[in-house]
Amino acid sequence: MKYSRYLVWANCALFAAFGLGFTFFPGLLSSIVAGSEPTSPSAVIDMRATYGGMALGLAFLFWLCTKDKQAVYIGVRGVLGLMVLLALSRLFGIIVDGSANSFMYLLLGAEVLMAVLAAIAVKLEIGGAFN
């Protein structure tokens, strides 16, 4: 159970950092991640809300999932689902849209790695290693 809890905590921290970054520095982070900054106030506002607020919401949810054994069970599966869907959506974008910058591949690799780590946690739990 410790491995799963640490994995959920790690995702809590990563999404909190990502969310705070995009809430307070959307232009800078957009430039780093996507290679350009939003060009209108509404685009910046939406970036703060979508990338910042949603990531902070996920961080909060993952934090709640560290509170007890059943919540960790749910949290690690949430991490697995989220990372698989992020990776598949990013891969779809790379295939359809092309010309991805190197940061897109770095994020894709991180998402796949986190999905694998979450899958290992789920497998260990099913196998009884954490019971």
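**Contacts and rings in a predicted model**

Visitor: Which residue's side chain makes a polar contact with the side chain of Glu125?
Guide: This model is predicted: local features need pLDDT of at least 70, side-chain atom pairs count only at pLDDT 80 or more, and totals for chains, interfaces and linings use all residues. Residues are numbered from 1 along each chain as its sequence is written, and side-chain values use heavy atoms, leaving out hydrogens and water. A polar contact is an N or O pair within 3.5 Å, one able to donate a hydrogen and the other to accept it; sequence neighbours count only if both atoms are side-chain atoms. At 2.7 Å, the partner of Glu125 is Ser4.

Visitor: Is Glu125 buried or exposed?
Guide: Glu125 sits in helix H5, residues 102-126 (a DSSP run of H or I, at least four residues). Its relative accessible area is 7%. Buried means under 20%, exposed over 50%, partly exposed in between (1.4 Å probe, protein chains only). So Glu125 is buried.

Visitor: How many residues apart in sequence are the parts tied together by Phe18 and Tyr51?
Guide: The structure holds five aromatic pairs (ring centres within 6.5 Å; planes under 30 degrees apart are stacked, over 60 edge-to-face, the rest tilted). Phe18 and Tyr51 make a tilted one, at 6.4 Å and 55 degrees. Phe18 lies in helix H1 and Tyr51 in helix H3, so the parts tied together are apart by 33 residues.

Key
Helices (H or I, at least four residues) and strands (E, at least two) are DSSP runs, numbered from the N terminus. Rings of Phe, Tyr and Trp (its six-membered ring) pair if their centres lie within 6.5 Å; planes under 30 degrees apart count as stacked, over 60 as edge-to-face and the rest as tilted.
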